[in-house]
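Thanks for coming. I have one chain to go through today, and I will keep it short. Please look at the model while I talk.

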Amino acid sequence: MTPDDPLLKILACPIDKGPLSLLVPGDALYNPRLRRRYPILDNIPQLLPSCGEQVTETEHEAILRRLPADERPPEEP
């Protein structure tokens, strides 16, 4: 899966139904709102709630630095 893949525009998180971000090199999809990562195996996104894994605060901060600004969640007050 690549960042310009049209499939990315229609994929949604199975829990909150919001958009997902592709983690380059394309091995996972990420929901920054819930801090959940969903693997991509053999080019197939694994989007069952049970397939997602919660990331740590440290991992979340590192992932946010890699995401484009328009894909980051708003800053918390």
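On helix 1, the face turned away from the buried side carries the exposed residues Thr58, Arg65 and Arg66. Exposed means over 50% relative accessible area, buried means under 20%, and partly exposed is in between, using a 1.4 Å probe and protein chains only. Helices here are DSSP runs of H or I with at least four residues, strands are runs of E with at least two, and both are numbered from the N terminus.

A word on where this comes from: the model is predicted, local features need pLDDT of at least 70, side-chain atom pairs count only at pLDDT 80 or more, and totals for chains, interfaces and linings use all residues. Residues are numbered from 1 along each chain as its sequence is written, and side-chain values use heavy atoms, with hydrogens and water left out.

Back to the helix. Which residues of helix 1 are buried? They are His60, Ile63 and Leu64, in a helix that spans residues 57-66. These residues cover an arc of only 100° around the axis, which puts them on the same side of helix 1. The arc is that of the directions from the helix axis to the C-beta atoms. As background, an α-helix has 3.6 residues a turn, so residues three or four places apart point the same way. What do the buried residues of helix 1 pack against? They pack against strand 1 (21-23), strand 2 and strand 3.

Next, strand 3 and its partners. Two strands pair if DSSP finds at least two bridges between them. Strand 2, residues 28-31, pairs with strand 3 in the antiparallel sense over four bridges. Strand 5, residues 53-54, runs antiparallel to strand 3, and two bridges join them. In strand 5, Gln54 is the bridge partner of Arg36.

Is Arg37 buried or exposed? Arg37 counts as buried because its relative accessibility is 19%. The side chain of Arg37 makes a polar contact of 2.6 Å with that of Glu53 and one of 3.3 Å with that of Glu59. A polar contact is a pair of N or O atoms within 3.5 Å; within protein, one must be able to donate a hydrogen and the other to accept it, and residues adjacent in sequence count only if both atoms are side-chain atoms. Contact in general means heavy atoms within 4.5 Å. Leaving aside neighbours within four places in sequence, the contacts of Arg37 include Leu23, Tyr30, Cys51 and Ile63.

Finally, the whole chain. From the N terminus on, the elements run β-β-β-β-β-α. Buried residues make up 35% of the 77 residues. The C-alpha atoms fill a box of roughly 35 × 25 × 20 Å, taken along the principal axes. That is all I have.
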